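Dear colleague,

I am handing over the structure below, and I would ask you to keep it open while you read the notes that follow it.

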Amino acid sequence: MNKKYDAIIIGAGVIGCPIAYELSKMGYKTLNVDKLPDAGEGSTAGSCAIVRAHYSTADGVAMAYEGFKYWLDWENYLDNVKDEKGLARYMNTGSFLLKSQGHDWKKVKKNYDEVGVQYEELDNDKIKEMVPVADLHEYWPVRRPEDPKFYDEPTKEIEGAIFCPEGGYVNDPALSAHNIMRAAEAKGAEFMFNAEVVDIRSDNGKVAGITLKDGTQIDAGIVVNVGGPHSFKINKMADGVWEGCNIKTKSLRHEVMYCPSPDGYDYLNDGYHMSDGDIGCYVRPEVGNTFLIGSEDPDCDPQQWVDPDDFYAGKGGNGKDNVLTDAQWKAQCYRLGKRIPSLQVPNQPKGVVDLYDCSDDWIPVYDKSDLPGFYMAIGTSGNQYKNAPVVGRMMAELIDACEKGLDHDKEPLQYKFKYTDRSTDVGFFSRKREINYNSSFSVNG
Amino acid sequence: MQLYVCIKHVPDSAAHISIVDKTHIDENLTFLLNPYDEHAITEAVRIKESLPGVEIIAVCLGKNDADKTLRSALAMGVDRGILITSDKRHDSIETAQALKSAIEQDGTPDLIFTGKESIDAEGMQTMFRIGALFDFPVATNVVRVDIEADRAVVDSALSGGIVNTYELSLPCVLGAGRGLNTPRYPTFPDVVKSKKKPIKKIMFKELNINVSLAGMNIVELEPLLQSREPKEITGDAGEIAETIIRILKDGAKVI
């Protein structure tokens, strides 16, 4: 007799765990299966865990702003569960969005006004007061160090910045997923690790359960794909699912650099999250008084689409495997070195290489599928960590509504936010949508 | 004062290393300035900032792409570079001869720095061979350098925490150790300024090197596979602390 659950959730990362938590609170008996040894050890662990509200769509801004409330109230969100590993911490540094040609900041401002996000517009003098190490020249367009024009002298300054007092980062994303797992377990959820899904079974046109690599079969009438960079492989295992999606996902390799803060600048304690489209970078403080430097994927940077299994096995060679490249180290550090001229750049690359589960328009797919009972929360495209608690709740309500008869494709669920006075049309995240050209097609979302 | 720093273009210590044909590594990975050479360059720059009329010249034996490591050295404050190009791999004997010959051709060394070892070959001998060829005194694993009128006073670290202090007449050869200083890495403005600094290229075969009767060849490279089996330390807090102290003291010998 196979073990049976109400819902099997494939993946115990920062999106998979809150889905289990919310479904469990609603009375579902859930099981998460993950091929790694613990929660949050996949692409969640490589996340920069930035919490900020500037998205290119009003819906994106609203969801992110709603997410803030969960991070700010972490213990209560977890219903005061104890985690033997401690709790992850949200560091509210405040967040700069520099006004640059690399970012449609006027659209962001409009979205902020619509949603009610608090912000101030700052001039360059004010920015320099807050970030004394900054050089505010305009360096647009973003280039690579191999391009001789990378070294051109700037001629004017940027127009200032939009500053949000709310914004920052979570200091340990893998731990945050672990915390949510413990909270879910306190509501009856179960988790199974070192458990790789190799098949998704269906019966009479409905999902019936999963099969693991060791042959174990587990039954459920609901299966949710939260497989991160492996999401496309999982969708292909289920009858009709891959074919029924207009928006597909694939995994994109990304390098994030750690560069020491200049002498005399306590970035860890005094610094802000900064999104700097002018140089194609975003930064936030990291332990060791270090700048974590992420890339906003400027057009001049080649994109490496990889097979996730090869990648995590260290295969693929220089530039395709999970080792930092010197070329990208210099690109991201020297770009930041224009904004922060006193930044000293070591010769040895240091940082993290990991994968985005990227959708065709960099907007997630939070939806049911063409196989009744099979759902997906995928295509997070490097920009959904901050929304995880909201997505957990939204997916649980979507699944519950569909299981109770809602035809979500015809009448999309309207999800009511718990903190922000607004609803969002979950159809915005449909697998059937046409590519959304309002998207920034980048990690900015 | 002409201060020469001998540098090497080596694989990044974080790279995946794979062996090809049993005798060499797959070079499709990141190469960079040997970490010990960073300490040598930083010390040379410190000396230049404290004395008048000092010129720092970096010398490197390597393939054409070693140009990148010379650029790193220039960005860190070296005044100019010399790249001795060769497509072959050279042992320490030929390397020392090439470096000595290039330095001699270029100027009059008052002080020659190297790193105490390269992280790929770890021969730890090139500085001694250079010293022997020039008939200069040599000290290695140097963790302090003071230059006085005609001599260098240095602290040289041995294992077990012992430090010897030596006085060497100038010119001399010094192998920089990790404790010598904290490397001063370049800012972006430093990188921009260094683009104008010159790198002179000479071919290995242009140097008049006496072919030595002795030589070293790599017969075979075999990967050292380490199996790591973690063991959990159990007990109450006091017992765990005692076990940790015992491991650090008797096992790792760091306290």
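Before the strands are described, one term is needed: two strands are taken to pair if DSSP finds at least two bridges between them. Please also bear in mind that this is a predicted model.

In chain B, strand β9 (residues 138-148) and strand β12 (residues 172-176) run parallel and are joined by 3 bridges, and in one of these contacts between strands B:Val138 has B:Val173 of β12(B) as its bridge partner. Both strands belong to an open sheet of 9 strands in chain B, with mixed pairing and the order β11-β10-β9-β12-β8-β1-β6-β7-β13. Because β11 (163-169) and β13 (199-203) of chain B each have a single partner strand, they stand at the edges, and one side of each is left without a neighbour in the sheet. On average, and with direction ignored, neighbouring strands of this sheet are turned by 30 degrees against each other.

Helix α1 (residues 35-50) lies across β1 (2-7), β6 (55-62), β8 (111-115), β9 and β12 of chain B, and runs at about 150 degrees to β8(B). Helix α3 (residues 92-106) of chain B packs on the sheet as well, where it touches β1, β6, β7 (80-85) and β13 of chain B, its direction making about 145 degrees with that of β6(B).

As for the contact between the chains, 20 residues from chain B and 20 residues from chain A take part in it. On the side of chain B, the elements giving two or more residues are β5 (31-33) and α5 (188-194), and α5(B) provides the largest share, 4 residues. By class, that side of chain B has 11 nonpolar, 5 polar and 4 charged residues.

With best regards

Notes:
Residues are numbered from 1 along each chain as its sequence is written. Chains are lettered from A and ligands numbered from 1 in the order in which they are written. This is a predicted model: local features need pLDDT of at least 70, side-chain atom pairs count only at pLDDT 80 or more; totals for chains, interfaces and linings use all residues. Axes are lines fitted to C-alpha atoms, for helices over the stretch in contact, and angles run from 0 to 180 degrees between N-to-C directions. Two residues are in contact if their C-beta atoms, placed from the backbone, lie within 7 Å. Ala, Val, Leu, Ile, Met, Phe, Trp, Tyr, Cys and Pro count as nonpolar, Asp, Glu, Lys and Arg as charged, and the others, Gly among them, as polar.
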